[in-house]
2 protein chains.
Amino acid sequence: METLSALDRLFLERSYELAARGIGNTSPNPQVGAVVVRDGAIVGEGYHHRAGLAHAEVVALAQAQDATGATVYVSLEPCNHVGRTPACSQALADAGVARVVIGTLDPNPRTNGGGVATLRARGVQVEVANDATARALIERFARAVDRDRPYLALKMAMSLDGYVTSQPGVQEWLTCEEERLYVRELRIAYDAVMVGAGTVRVDDPQLTVRPAHHRLRDYVRVVACESDTVSETSRAIAHVADYAPTLVLAPAGARERFENLRRDADVLFVGDATATQLDLPEAMRALARRGVQSVLCEGGPTIGGRLIAAGLVDRLYWAIAPVLLRTDTAVPVLAGADLASLRQRVAIDSVERVGDDVVISGTLGPAHSGGTDV
Amino acid sequence: METLSALDRLFLERSYELAARGIGNTSPNPQVGAVVVRDGAIVGEGYHHRAGLAHAEVVALAQAQDATGATVYVSLEPCNHVGRTPACSQALADAGVARVVIGTLDPNPRTNGGGVATLRARGVQVEVANDATARALIERFARAVDRDRPYLALKMAMSLDGYVTSQPGVQEWLTCEEERLYVRELRIAYDAVMVGAGTVRVDDPQLTVRPAHHRLRDYVRVVACESDTVSETSRAIAHVADYAPTLVLAPAGARERFENLRRDADVLFVGDATATQLDLPEAMRALARRGVQSVLCEGGPTIGGRLIAAGLVDRLYWAIAPVLLRTDTAVPVLAGADLASLRQRVAIDSVERVGDDVVISGTLGPAHSGGTDV
């Protein structure tokens, strides 16, 4: 936006910092931050703490006390509907704000632009920066809007030559300690962390955020079982303080196999009595109905391949360890699915060195025309 | 080095820039650059153009005319032996130079430190920066010293899930145009560019630097044939201006199969009459005897895996395209070898975005203890 000054940019960045404080807590709402500036000075700041509490703009206006003639910087377009709280667009106009600078528009096609229209109708000057940072802050929310399944990120770790282990069924810690810390941090941003049953059997992960991160809503752990159950003594099933009971996704046609888990876990039976294999799209819908808006799936190769093949993956986090594991029995990073015919492409938006590893991340979508040049 | 000033650093960097002008031309000598500074001003510059011509220090001293009391910055320790040219250590002392600042020491264990000792014995002050940039400039030379095989870099391209193609025998242009330009630039720095026979059959590459880069010595193309020959009409075999005839590495026991190539190519038969499979270590020694000090191997998966398994690879260039190719018939990036038991690890020194792709590069060596944490 040509009309934004360097100072505008700084205040907008500050609204993004504030928004980020809500990471992990605001679901099903997005993270939002707001800054009230009068006569060049910040007089109010706020962010959305969690669903049901005040919106960022309302918090910032309350702190400012008098916002007459002020400019308000807000990471996301102010809401325009009276929900659990009054519409922020009206609250801003009521407070006498002269100008509103918005990081990105509301991604919901049903309400997009409504806040801007209301503000302008009431004589408030509005500018929209359409920043990548602002869009990234609401990526999980934006992709879950108007869909019946969660936003799903798939995190895999592989050797430079594409394998997770040189021998099936053997746990191989490919990645460095820094990478494992990186993943635990990632978990904070997602409503749920999920693995397939095979990973529970081989790696026996806890799936927890360690050290514990202050969070206003329960962490949720999910174990997706294709057909067979896992041991009730698995660490992913065991009770952990601050965590809700682990959700186990199981095919309804194999109900009796999961009796062992019903004391400790919350088993969601998916499909009907004829379903002996887990229907992944239906399982994701079941999670959405339980209020899970975003899922970080950490493998293994079978569920990873099946989730991609089913078109359920929105983002990849791909950790590459600087080792070579190729053997005749090595297990490739994705398995059990024909992915080439999907012609999907990753729009890479981040390549990081994490300790000795490289982590590539991007969104998954259809190949653009001429893209793969096959 | 604490004793180097910011100005020393700048002049040393300049010597590296000059050295880089020799890339592709100096083999079997390393690239070297030199700068003569008197009273704070550059009075002479030089670099080594090619084997048999003057060394960098001699060129720079000649340009300076009077180097009495000067400081000379040189990317590599001055040579101490009279070879095709007089010893540079003596030439510097003879010129009355007061101080020599060196990027990195001579990597040859037989001569390492000799230049420094001669200079100091003649009253010249010497400092050694031991810079990563200086070491990188001579990496190919340093690794080939005192060995009977070339420095070998393996360049592979794969999908994010570790495959080169979704179907065997099908050419799949995984990587972006920028990445293909990047590889052609890489070729400039190597004495020879090599592929396996399978790549010639499927991709039919030219293996040339395009657009042509000014070079003082012939480019060399190499085709390694495990057992069977390739078509004499392959583009890698066809005559190209400024290129020596393509070297074909073939097992001596399958001599009659390679008659088709002897008109256009220079066929090197490796091993004895019982050898029906190419002995790769022996083939690399044959290249070294032909004056090939560095090789860039661009695949395919079979020769790549076999070169690594044979311990012949010094550096990897790993291009990762943001696509997923997994199918039941997909060809993994490395094949036909057990690499896990080698326990080799890549010391990554570069991660680059190249167009839509990511290129990871590093040196290959034994895993350090506790490194892989398997």
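Let's start at B:Val222, which touches B:Ala192, B:Val193, B:Met194, B:Thr246, B:Leu247, B:Leu249, B:Leu287 and B:Val295, leaving out residues up to four places away in sequence. By contact I mean that the C-beta atoms of two residues, placed from the backbone, lie within 7 Å.

A quick word on what you are seeing: this is a predicted model, where local features need pLDDT of at least 70, side-chain atom pairs count only at pLDDT 80 or more, and totals for chains, interfaces and linings use all residues. Residues are numbered from 1 along each chain as its sequence is written, while chains are lettered from A and ligands numbered from 1 in the order in which they are written.

Back to that valine. A:Val222 and B:Val222 are the residues with the most contacts inside the largest nonpolar core, which has 228 residues. Such a core is a set of buried Ala, Val, Leu, Ile, Met, Phe, Trp, Tyr and Cys residues joined through C-beta atoms within 7 Å. Buried means 20 or more other C-beta atoms within 10 Å of the residue's own, exposed means 12 or fewer, and partly exposed is in between, again with C-beta atoms placed from the backbone.

Now for the two chains together. How many residues does the contact take from each chain? It takes 36 from chain B and 37 from chain A. On the side of chain B that touches chain A, the elements giving two or more residues are α10 (301–309), β15 (344–354) and β16 (357–366) of chain B. Of these, β15(B) gives the largest share, six residues. When I say helix or strand, I mean DSSP runs numbered from the N terminus: H or I of at least four residues for helices, E of at least two for strands. By type, that side of chain B divides into 22 nonpolar, seven polar and seven charged residues. Here Ala, Val, Leu, Ile, Met, Phe, Trp, Tyr, Cys and Pro count as nonpolar, Asp, Glu, Lys and Arg as charged, and the others, Gly among them, as polar.

How do the copies relate? Chain B can be laid on chain A with an RMSD of 0.1 Å by a turn of 180 degrees and a shift of 0.1 Å along the axis. That is the relation of a two-fold axis. The superposition is by least squares on the C-alpha atoms of residues with pLDDT of at least 70 in both copies. Of the residues of chain B, B:Gly162 comes closest to the rotation axis, with its C-alpha at 2.1 Å. The same surface serves both copies, as 100% of the contact residues of chain B recur in chain A.

Let's zoom in on helix α4 of chain A, residues 114–121. Its buried residues are A:Gly115, A:Val116, A:Thr118 and A:Leu119. Just after α4(A), A:Gly123 takes a positive phi of about 85 degrees.

Six of its six residues are buried, so β3(A) is largely enclosed by the rest of the structure. β3(A) pairs with β1(A) in the antiparallel sense over four bridges, and with β4(A) in the parallel sense over five bridges. Pairing here requires that DSSP finds at least two bridges between the strands. If you want to click on examples, A:Val37 stands opposite A:Thr71 in β3(A), and the bridge partner of A:Val72 in β4(A) is A:Val100.

Most residues other than glycine have a negative phi, and most peptide bonds are trans. A cis peptide bond joins A:Ser27 and A:Pro28, with omega about 5 degrees; A:Pro28 is in the loop between α1 (6–20) and β1 (33–38) of chain A. Another cis bond joins A:Gly299 and A:Gly300, with omega about 0 degrees. And A:Leu207, a residue other than glycine, has a positive phi near 65 degrees. A:Leu207 is buried, with 26 other C-beta atoms within 10 Å.
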